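Try each task before reading its solution.

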Amino acid sequence: MKNILVKTITTATFIFVATTFLFAQNNITTVSEFAAVLKATKNPQILDARSPEEFAINHIEGAININLKDSLSLEKILASLQKDYPTFAYSINNGRSNVLTNKLRAKGFKTVYELPGGLANWVGSGNALVSTKSKNAKI
């Protein structure tokens, strides 16, 4: 009987911790979920974790470029953001955006979303980008 009680408590604890972790991470699993939450958010903070050169080619409308290789600029931009506002991050395939979202969470940002599959998946799903190569051109 004691074994059953211990197993039940252990299972319940695991489920609670796993659920709490997922909600704390603001887990979004599809591009369409990301796009819907982004669209529904008033004043979203959108962060592009790619290089300035990549950002200059195209980016999600309203995004701010954050170059992870420039620590001074990175810290300055992060300090200018609101920790209580929903923050959306992306890179081409989630490598750099994963580093960025971890930094944001470590700095106390409460609601952080990462674009599943990165910008490549965003484009592949038919979502628009802004190109700075030709004035106000949307891809």
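Predicted model: local features only at pLDDT ≥ 70, side-chain atom pairs only at ≥ 80, totals over all residues.

**Exercise 1. The aromatic residues**

Are F34 and F88 buried or exposed? Work this out, then describe the rings around them.

Solution. Residues are numbered from 1 along each chain as its sequence is written, and side-chain values use heavy atoms, with hydrogens and water left out.

Step 1. F34 and F88 are both buried; buried means under 20% relative accessible area, exposed over 50%, and partly exposed in between (1.4 Å probe, protein chains only).

Step 2. Count the ring pairs: there are three aromatic pairs in the structure. Rings of Phe, Tyr and Trp (its six-membered ring) pair if their centres lie within 6.5 Å; planes under 30 degrees apart count as stacked, over 60 as edge-to-face and the rest as tilted.

Step 3. The F34 and F88 rings are edge-to-face, because their planes stand at 90°, with centres 5.4 Å apart. This pair links distant parts of the chain, F34 being in helix 2 and F88 in strand 3, 54 residues apart. Helices (H or I, at least four residues) and strands (E, at least two) are DSSP runs, numbered from the N terminus.

Step 4. F88 and Y113 are stacked, because their planes lie at 25°, with ring centres 4.9 Å apart. Y113 belongs to strand 4, 25 residues from F88, and counts as buried at 14% relative accessibility.

**Exercise 2. The nonpolar cores**

Solution. Step 1. A nonpolar core is a set of buried Ala, Val, Leu, Ile, Met, Phe, Trp, Tyr and Cys residues joined through side-chain atoms within 4.5 Å. The largest one has 16 residues, of which F34, L38, I60, Y90, L115 and W122 touch the most other members.

Step 1. Helix 2 (31-40), strand 3 and helix 6 (118-124) each give two or more residues to this core. Helix 2 gives the most, with four.

Step 2. Follow L38: leaving aside neighbours within four places in sequence, L38 is in contact (heavy atoms within 4.5 Å) with P44, I46, I60, F88 and W122.

Step 3. Another core lies apart from this one, with 12 residues that include A49, I77, L100 and F109.

**Exercise 3. The salt bridges**

How many salt bridges does the structure hold? Compare the surroundings of the partners.

Solution. Step 1. There are four, a salt bridge being a side-chain nitrogen of Lys or Arg within 4 Å of a carboxyl oxygen of Asp or Glu.

Step 1. D48 and R50 are joined at 2.8 Å, N to O. D48 counts as buried because its relative accessibility is 0%, and R50 counts as buried at 3%.

Step 2. E75 bridges to K107 at 3.0 Å, N to O. E75 sits in helix 4 (residues 71-80) and K107 in the loop between helix 5 (95-106) and strand 4 (112-114). E75 counts as partly exposed at 36%, as does K107 at 34%.

Step 3. In the bridge between K110 and D84, the closest N and O atoms are 3.1 Å apart. Both K110 and D84 are exposed.
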